[in-house]
Amino acid sequence: MTDARAADAPLAFLKGHGTENDFVIVPDPDGRLDLSPEDVAKLCDRRAGIGADGLLRVVRSAAHPEAAAFAAEAEWFMDYRNSDGSVAEMCGNGVRVFARYLQRTGRTGAGDLAIATRAGVRYAHIGKDGADGTPGDVTVTMGAAELPGGAVSVGVDGRTWPAVHVSMGNPHAVAFVGHLDEAGDLLRAPAVSPAAVYPNGTNVEFVVDRGPAHVAMRVHERGSGETRSCGTGACAVMVAAARRDGLDPAVTGQPVTYTVDVPGGRLVITERADGQVEMTGPAVIVAEGAIDPAWLAAPGR
């Protein structure tokens, strides 16, 4: 880790989650902090660190070389890392938690805002708090899904299922199964064939039906293992389920909405007639504190 702060200065952090997909949030508005993959993995370690599915570094777009081109449209850039330290293009639940952080720190209020990501600018709407003080849900316009086509399959413990290749700015393989237990423990990445379809790996979703326009899923997130939720994965699942069910808003001119249950809660996904996919769900900040710089700088995990 390198940083323009004093070497012994504590590093501020927060912890948040969206449908139990949890994140370490590191404020770095001026882009001074350089977290190595080893630093990220150490922070996300659930026994020796803070513990999380991933890390959100909060940087002004103008201060980050990957986001400077978006600065006029989106003040803030979500530098998202998987729990193993690898860089990811996007994280839907992460965008909601990122928006909640900006609201909590007074950088935005209820209403609309733009957030830059490696998959482009995403637009969020923070709902007003309920009468009882419950924070409003956050809706994120996730962009349009791409379905490249071609035969893809996923496999677990010698069983294979056909899958749908969906891109939400990051890659997904969506398989419809009879029971979610068929996905196994998801500690290891399911086999995907042909591997050349996903040269940088992929997220894999296993899906069952719960009712009309209502599905449930489990997911292995690339670089993180099984997580309690995956926002881009829920969007990919919704689009794959709609096409399976013969529904395409681009053809009918009518939006389609599915409820997607994840182990950590529930998301509502809508695909609009213009192809844009919207995801609505909760976002919670649960803690904030300071990281001991000596611990972070020490070798090993």
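**View 1. Pro194 in the loop between strands S11 and S12 of a predicted model.** Pro194 sits in the loop that joins strand S11 (191–193) to strand S12 (203–211); helices (H or I, at least four residues) and strands (E, at least two) are DSSP runs, numbered from the N terminus. The peptide bond from Ser193 to Pro194 is cis, and its omega is near -5 degrees. Most peptide bonds are trans. This is a predicted model, in which local features need pLDDT of at least 70, side-chain atom pairs count only at pLDDT 80 or more, and totals for chains, interfaces and linings use all residues. Residues are numbered from 1 along each chain as its sequence is written, and side-chain values use heavy atoms, with hydrogens and water left out.

View 2. Leu186 lies between strand S10 (171–176) and S11, in the loop. The relative accessibility of Leu186 is 2%, so it counts as buried; buried means under 20% relative accessible area, exposed over 50%, and partly exposed in between (1.4 Å probe, protein chains only). Asp157 is found in the loop between strand S8 (152–156) and strand S9 (159–167). With 67% relative accessibility, Asp157 counts as exposed. Most residues other than glycine have a negative phi.

**View 3. Pro29 in the loop between strand S2 and helix H1.** The loop that holds Pro29 runs between strand S2 (21–27) and helix H1 (37–44). Pro29 has 23% relative accessibility and therefore counts as partly exposed. Leaving aside residues up to four places away in sequence, Pro29 touches Val58, Val59, Arg60, Ala63 and Trp76, where contact means heavy atoms within 4.5 Å. Ser61 is 32 residues from Pro29 along the chain, and their C-alpha atoms are separated by 8.8 Å.

**View 4. Helix H1 and the elements packed against it.** Six of the eight residues of H1 are buried, so H1 is largely enclosed by the rest of the structure. The buried residues are Asp39, Val40, Ala41, Lys42, Leu43 and Cys44. They pack against S2, strand S3 (54–60), strand S4 (76–82), strand S18 (284–291) and helix H5 (293–297).

**View 5. Helix H3, a mostly covered helix.** Helix H3 covers residues 231–244, and its end C-alpha atoms are 20 Å apart, which agrees with the 20 Å that its 14 residues should span at 1.5 Å a residue. The expected span is 1.5 Å times one less than the number of residues in the helix. Twelve of the 14 residues of H3 are buried, among them Gly231, Cys235, Met238 and Ala242. Just after H3, Gly246 takes a positive phi of about 80 degrees.

**View 6. The chain as a setting for the close-ups.** Five helices and 18 strands make up the secondary structure of the chain. The radius of gyration of the chain is 19 Å, close to the 19 Å that the globule rule gives for 301 residues, so the chain is as compact as a globular protein of that length; the radius is taken over C-alpha atoms, and the rule is 2.2 Å times the number of residues to the power 0.38. The C-alpha trace spans about 60 × 45 × 40 Å along its principal axes. Of the 301 residues in the chain, 52% are buried.
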